[in-house]
Amino acid sequence: LREHEEFTKVKNIATIELGRYEIETWYFSPFPPEYNDFLKLYFCEFCLNFMKRKEQLQRHMRKCDLKHPPGDEIYRSGTLSMFEVDGKKNKVYGQNLCYLAKLFLDHKTLYYDVDLFLFYVLCECDDRGCHMVGYFSKEKHSEESYNLACILTLPPYQRKGYGKFLIAFSYELSKKEGKVGTPERPLSDLGLLSYRGYWTRVLLDILKKHKGNISIKELSDMTAIKAEDILTTLQGLELIQYRKGQHVICADPKVLDRHLKAAGRGGLDVDVSKLIWTPYK
Ligand code: ACO
Ligand code: ZN
């Protein structure tokens, strides 16, 4: 059984066409069996339906009436828009998105019920429509206080700050819910790098402003970052000492400045005044 499992998990689809990009895939994704003999699949960039031949896609594009992800536009700033898609109301879209995402996600099981998830799809918009650059998914109700299940920036858009934007967005939603959140584990290498970068920058900025006079609990209340994630981030930066049975933040201004410099660019910011959203009920 084990061998069979390994065998079937060999990467199947080698490339996909999506909008104006041809993208090489990274991992196996469990497309329905009739697609498995095809090295290349053609995606409609709006409804994410996928096809085996270019002509099929061309025919589809003439009649597909979507120009953006289905669902509500909850954020718009300049040419960037975020759409919230309910997996229960848009089941096929949710499933298509999961098939697509799995091509770039190694360790995730994505085949649970899309009904239980909301999908936040980030787009660059122009006169031809809203083009997906990445997304994250979120459970409608999480007992483990997860505020993000899976995150992806499509390869042509990576390393431009969209990943950190998506992460920041997930915490803005948590702030509106009045809850702390944390990403579902395990994190991929790139996921961990992106989260560590985000946590580091957010926490260092606040520590600098407050000259270090702040507790982990207060940091957590301000940022919606779970206390454990704050502790591991600050421990990694060697800003925590253990005194009389308690973790205390020791933020020497010189050390803060050194870390801030090393933390690199801040990236794209979420403009909270442009987020129009109420938590899922
Ligand atoms: N090499 C080295 N560092 C990298 C790389 C890379 N290829 N990619 C990202 N990073 C690090 C950098 O520190 C970067 O910050 P910097 O550019 O300021 O140095 C930081 O991560 C984030 O960069 P962004 O541009 O904001 O992120 P990006 O848009 O590239 O998206 C993401 C990051 C979503 C993790 C992307 O790499 C991706 O989609 N990977 C494939 C899917 C995946 O692994 N998702 C996470 C799984 S875990 C989970 O879903 C809970
Ligand atoms: Zn379509």
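User: Which elements each supply at least two residues of the shell around ligand 1?
Analyst: This is a predicted model. In it, β10 (151–153), α4 (162–177) and α5 (189–209) each do. α5 gives the most, with five residues.

User: Which residues come nearest to ligand 1?
Analyst: T153, Q158, G163, S188 and G191, out of 26 residues around the ligand.

User: And what is the shell like by class?
Analyst: Eleven residues are nonpolar, ten are polar and five are charged.

User: Switching to the sheet. What is the strand order?
Analyst: The order is β5-β6-β7-β8-β10, in an open sheet with antiparallel pairing. β5 (72–77) and β10 are at the edges. Each has a single partner strand, so one side of each lacks a neighbour in the sheet. From one strand to the next, the twist averages 20°.

User: How many bridges join β7 to β8?
Analyst: Ten, between residues 117–126 and residues 129–139. C125 sits opposite C130 in β8.

User: Which strands does α4 touch?
Analyst: α4 packs on the sheet and touches β6, β7, β8 and β10. Its direction makes about 50° with that of β8.

User: What about α3, where does that lie?
Analyst: Helix α3 (residues 91–102) lies across β6 (80–86), β7, β8 and β10. It runs at about 75° to β7.

User: Last one. How do β12 and β13 pair, parallel or antiparallel?
Analyst: Antiparallel, over four bridges, with β12 at residues 240–243 and β13 at residues 246–249. Q241 stands opposite V248 in β13. The two strands form a hairpin with two residues between them. K244 in the turn has a positive phi of about 50°.

Notes:
Residues are numbered from 1 along each chain as its sequence is written. Chains are lettered from A and ligands numbered from 1 in the order in which they are written. This is a predicted model: local features need pLDDT of at least 70, side-chain atom pairs count only at pLDDT 80 or more; totals for chains, interfaces and linings use all residues. A residue is near a molecule or strand if its C-beta atom, placed from the backbone, lies within 6 Å of it. Ala, Val, Leu, Ile, Met, Phe, Trp, Tyr, Cys and Pro count as nonpolar, Asp, Glu, Lys and Arg as charged, and the others, Gly among them, as polar. Two strands pair if DSSP finds at least two bridges between them. Axes are lines fitted to C-alpha atoms, for helices over the stretch in contact, and angles run from 0 to 180 degrees between N-to-C directions. Two residues are in contact if their C-beta atoms, placed from the backbone, lie within 7 Å.
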